[in-house]
Structure formats: structure tokens, C-alpha cells
Amino acid sequence: QLQLVESGGGLVQPGGSLRLSCAASGFTLDNYAIGWFRQAPGKEREGVSCISGSGGSTNYADSVKGRFTISKDNAKNTVYLQMNSLKPEDTAIYYCAAARTTVRTLCVMPTLTSAYWGQGTQVTVSS
């Protein structure tokens with residue numbers, strides 16, 4: 001059974017950091033682009049960051065550039081999202097997704113892919 005499980009969310013103060021994890025089971029991430037997406041209440045889902053199967057290509061939304069870093073550990077079949085300098089506007093449910101496509105296609109047009117999705121993890125940035 002193909003599955004993605006996110007973890008690492010929580011409540012953090014503005015300026016703080018969190019590291020999200022996306023663990024895959026039932027398939028290996030080497031041949032999949034992996035992306036992190038988020039959806040805040042009343043807003044559309046947006047692509048946050050994506051990484052290629054090899055890890056050699058990444059994509060970031062302008063709103064998180066310089067603050068978030070995506071990485072992957074193929075040995076652990078896990079992708080991470082290190083989030084620093086968090087802002088209240090980063091508050092959302094964060095989802096990871098995997099698809100056999102390019103980094104840009106996954107991040108910008110995920111609905112065009114047959115992506116696998118995780119169940120999401122809540123990130124709340126508040127004082």
C-alpha cells in the first residue's frame with residue numbers, strides 16, 4: 001500500500017522553527033518528485049516547495065524563499081521541510097505529495113498529476 005505520512009507540525013511562536021517530515025512507505029522516493037503544499041482556512045492550496053527524485057532540483061514559492069529548505073534522505077525514504085523564521089501567515093495544514101513528474105509540474109500544477117497525498121499536519125504560528 002502506497003502511503004505518505006507527515007509529522008512535525010505544531011504550535012510555534014513567530015520567528016521560531018519547525019521541521020516537517022514526510023515518510024513514504026510502499027514505494028521508494030527515488031523516482032518521484034516530492035512536494036510540500038499548504039492550505040490555510042479560506043484559502044486555496046499552494047505549493048510551498050518541491051524536490052526531484054535525485055534531490056538535484058528544487059523549487060520554492062516566493063513567500064518562503066530564504067526561510068524554508070527542502071531535503072530528502074533516500075536511505076530513510078523521507079523528505080523534510082525545515083522552516084525557519086516562521087510568520088503567522090505560514091499557519092496552515094501542510095501536506096506532502098509524490099508524483100512521477102517534474103518538480104515544476106508538481107509544485108505549480110499538482111492537479112495535473114496522479115499524485116499520492118498524505119493526510120496533512122497542522123502548523124500554527126502564533127504568540
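Cys 50 and Cys 107 are both buried, and they're tied together by a disulfide with the sulfur atoms 2.2 Å apart. That's in a predicted model, which holds 2 disulfides. Number the bonded cysteines in sequence order and the pairing reads 1-3, 2-4.

**The two disulfides**

- The link of Cys 50 and Cys 107 is right-handed, with 105° about the S-S bond. This pair links distant parts of the chain: Cys 50 sits in strand S5 and Cys 107 in helix H1 (residues 103-108), 57 residues apart.
- The other disulfide joins Cys 22 to Cys 96, S to S 2.1 Å. Here too the link is right-handed, with 70° about the S-S bond. Cys 22 belongs to strand S3 and Cys 96 to strand S9, so to speak two distant parts of the chain, 74 residues apart.
- Cys 22 and Cys 96 are both buried.

**Strand S4 and its partners**

- S4 (residues 33-39) is mostly covered, with 6 of its 7 residues buried.
- S4 pairs with strand S9 (residues 92-99) in the antiparallel sense, over 7 bridges.
- Ile 34 stands opposite Ile 51 of S5.
- The hairpin of S4 and S5 has 6 residues between the strands, and there Gly 42 takes a positive phi near 80°.

- Ser 52 lies in the loop between S5 and strand S6 (58-60).
- Why does Ser 52 count as buried? Its relative accessibility is 13%, and the cut-off for buried is under 20%.
- Leaving aside neighbours within four places in sequence, Ser 52 is in contact with Tyr 32, Ala 33, Ser 57, Lys 72 and Val 103.

**The open sheet**

- An open sheet is formed by 4 strands in the order S1-S3-S8-S7, with antiparallel pairing. Its edge strands are S1 (3-7) and S7 (68-73), each pairing on one side only.
- Neighbouring strands of this sheet are turned by 15° against each other on average, direction ignored.
- S1 and strand S3 (residues 18-25) run antiparallel and are joined by 5 bridges. Gln 3 stands opposite Ser 25 of S3.

Definitions and conventions:
Residues are numbered from 1 along each chain as its sequence is written. This is a predicted model: local features need pLDDT of at least 70, side-chain atom pairs count only at pLDDT 80 or more; totals for chains, interfaces and linings use all residues. Side-chain values use heavy atoms; hydrogens and water are left out. Buried means under 20% relative accessible area, exposed over 50%, partly exposed in between (1.4 Å probe, protein chains only). Two strands pair if DSSP finds at least two bridges between them. Contact means heavy atoms within 4.5 Å. Axes are lines fitted to C-alpha atoms, for helices over the stretch in contact, and angles run from 0 to 180 degrees between N-to-C directions. A disulfide is a pair of cysteine sulfur atoms within 2.5 Å.
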